[in-house]
Amino acid sequence: MAKRQRVHVNFFVPSSDGIKAETSVAKTIILLWFLLSYGIPVLIWLAGLPDPNGLGESFITNTRFLGFPLHYWLLAQGCTLGYILLCKLYCVLWDAKSNRLQKS
Amino acid sequence: MKKALSITLLISILLLLASSAAFGVAGEEIYQVKQGFKLVPAIIMVALLCIYVGVGFLSKVSSTSGYWVAGQGIGKFGNGAAIASDWMSAASFMGVAGLLYLKGWFGLGYIIGWTGGYVLLLCLIAAQIRRFGKYTIPEFLGDRYNSHAVRLIAASVTVIIAITYSTAQFKGIGLICGWIFGMDYKASVFFAAGVVLSYMLISGMSGVTRNQQIQYVVLISAFLIPLWVLLRKAGGSGILPQIEYGNIISGLMEGKTAAGQLDPEATTALRNAYLPWGKGDFYHFIALVFTLMVGTAGLPHIMIRFYTVKNEDVARRSVLWGLFFIGLLYWSSPVYAAMGRFWNPAGGKAVADVIILSAPERAGLGSAFIGYLASGALAAGLSTVAGLLVAGASAIAHDWYATVFKPDCSDRQALLVGRIFTAVLCGVVILFALNPPALIAQIVAMAFAIAGNTIFPVVVLGIWYSGSNKYGALAGMIFGLGMTLMAMFGWMAKIPMFGDQGLLPATSSALIVCPLAFLINILVSNATNEKLDEESAERGDNILRKLHNLPGYQEEDDGTNAFSR
């Protein structure tokens, strides 16, 4: 078999239009995912740093939302809801991209 | 073939008999709910089991491709429900509520870890795996890296994950059977094994898939319906329990329970559990969440679901629907934990894994409701074990036996090996389940650590980095697997460093190990780039063309493989 050119695939250096479209959508979603998953715990952690007991008590834990302590709701329901919306957003963004790809 | 089937059936009948002989032996106080035989729940459970086995029997399979992935024709709702049903194991049904009960706010890490991972799966893996379109993850890795060694290790990891994960399910199934029949825990583990085995062997995965949609409906209704009654008993209006329990949580933080106001000391203890770092610190929280997420994205028995859908669009949408179906459960399991605290504020580890039964029982919910709930949990455990044992057995039969050791074997031989190893795996799982090392959700978290440290890095690099080669893959996988197993045995040996307060807890080792596994894979790949033989480079490139729809893909000549179509 004649030697063919090697394929180059790198998530951060996309080489074809298809990969470019895919990684740009994926990067957006992963960034949002990261903010959601780790931003919220970091926020709760930072807000709770002044608590002398080291338990992380802060305005976030004292606020009530729908009857929940806010820090509880954010993780128990907020994040999960966010993930489902992110999956939906991924599908929407991808559909838009692939339509554009097909037209061009 | 028939002979092997009847022998395994005989074994499962023997198991059932052995466990019933141990009937009536006084149970150890594993949990504090009422002991003894319960008629109504037993009838509900037996009826449900008959439906499962019946459906499995009606959809008996004879060709291997049916046994492994149920033909590629399942839609987004169906596949979403199957993902959710595979997912909704005894761990999410009983284990998560147990951990939330025990660990308060900290336990929520399990919820975001086990839902957030799907986003990663969707972004990085789902569509590409569908484009690849073959049977198993070890097969994907073996083809991409053109290496039998990679395939063998991946297959072994699949088996280890299946064993760990199933151990947790068996603990759950055992506790449920023990609760319904008043059996000793050990006897009910054998009983559960008998049920699982006979179900598994009669139906292949085709039956399993069809069942999984029925099972999801049974599961989620069993889990949700008692909540309305429970919340009404706790003084809520019982319209939307998933929102209303917020007031109960806020009340618990002020010491308000079913027994009235707690004394100040108990109130502080309860309040601390619901404050962020009362039961674990920031590092352990992040490490746990990260581990569960990469583990979710790296679990072979979840990934295998994407081979079974029509096309990649359906693959994407089935992640969305799967996550939604899973979300329904996870919005509800904290309610059980909160209810458990409300009625039993001082309970400890002994009651945690059965809190979904104990809370309603203390609240005086009728035994029919609790029986339905228990049957749901049982179904959750059963369907997960079924999926896992198939994944484990297929790793052995397909990736070890049919591809590496005996490439010229017939379909029937491979199927036979698959069935035999299903039984063998079941035996190993029983051994571990008789003496469970941790809470259900913790054992499962260890399985996730394995997946996140070994499978996830090598799959992601395999898809997204053409420079990664077999040497890097091997180095990364061996490192990941070694570290995770070390942490697991360290946990069992009670070494502090690997315990749940240590630097590298077995349940959350991936925050440290997973990035290192990525790094090792990349470094070793680059260092050995010159050494890589022409064929491996060419074959890897060819797979990459297929994964990313690049021009120039050539259909592989798949003569080595009895399952090619």
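**Exercise 1.** Determine in which hand α21(B) passes α23(B), and which residues make the contact.

*Solution.* Step 1. α21(B) passes α23(B) in a right-handed crossing (the near helix is turned clockwise from the far one by less than a right angle).

Step 1. On α21(B) the contact is made by B:Ala449, B:Gly452, B:Asn453, B:Phe456, B:Pro457, B:Val458 and B:Leu461; α23(B) contributes B:Ala510, B:Val513, B:Cys514, B:Ala517, B:Phe518 and B:Asn521. Contact requires C-beta atoms, placed from the backbone, within 7 Å.

Step 2. These residues divide into ten nonpolar, three polar and no charged (nonpolar: Ala, Val, Leu, Ile, Met, Phe, Trp, Tyr, Cys and Pro; charged: Asp, Glu, Lys and Arg; polar: the others, Gly among them).

The model is predicted: local features need pLDDT of at least 70, side-chain atom pairs count only at pLDDT 80 or more, and totals for chains, interfaces and linings use all residues. Residues are numbered from 1 along each chain as its sequence is written, with chains lettered from A and ligands numbered from 1 in the order written.

**Exercise 2.** State the angle at which α21(B) and α23(B) pack, and classify their orientation.

*Solution.* Step 1. Helix α21 (residues 440-464) and helix α23 (residues 510-527) of chain B pack at about 30°, their axes 9 Å apart.

Step 1. The two helices α21(B) and α23(B) are therefore roughly parallel (angles under 35 degrees).

**Exercise 3.** Identify which elements of chain B have the lowest and the highest mean pLDDT.

*Solution.* Step 1. pLDDT is the predictor's confidence in each residue, from 0 to 100.

Step 1. Chain B averages 78.

Note on methods. Axes fitted to C-alpha atoms, helices over the stretch in contact; angles between N-to-C directions. Helix = DSSP H or I, 4+ residues; strand = E, 2+ residues; numbered from the N terminus. Parallel < 35°, antiparallel > 145°, perpendicular 65-115°, else oblique. Contact = placed C-beta atoms within 7 Å.
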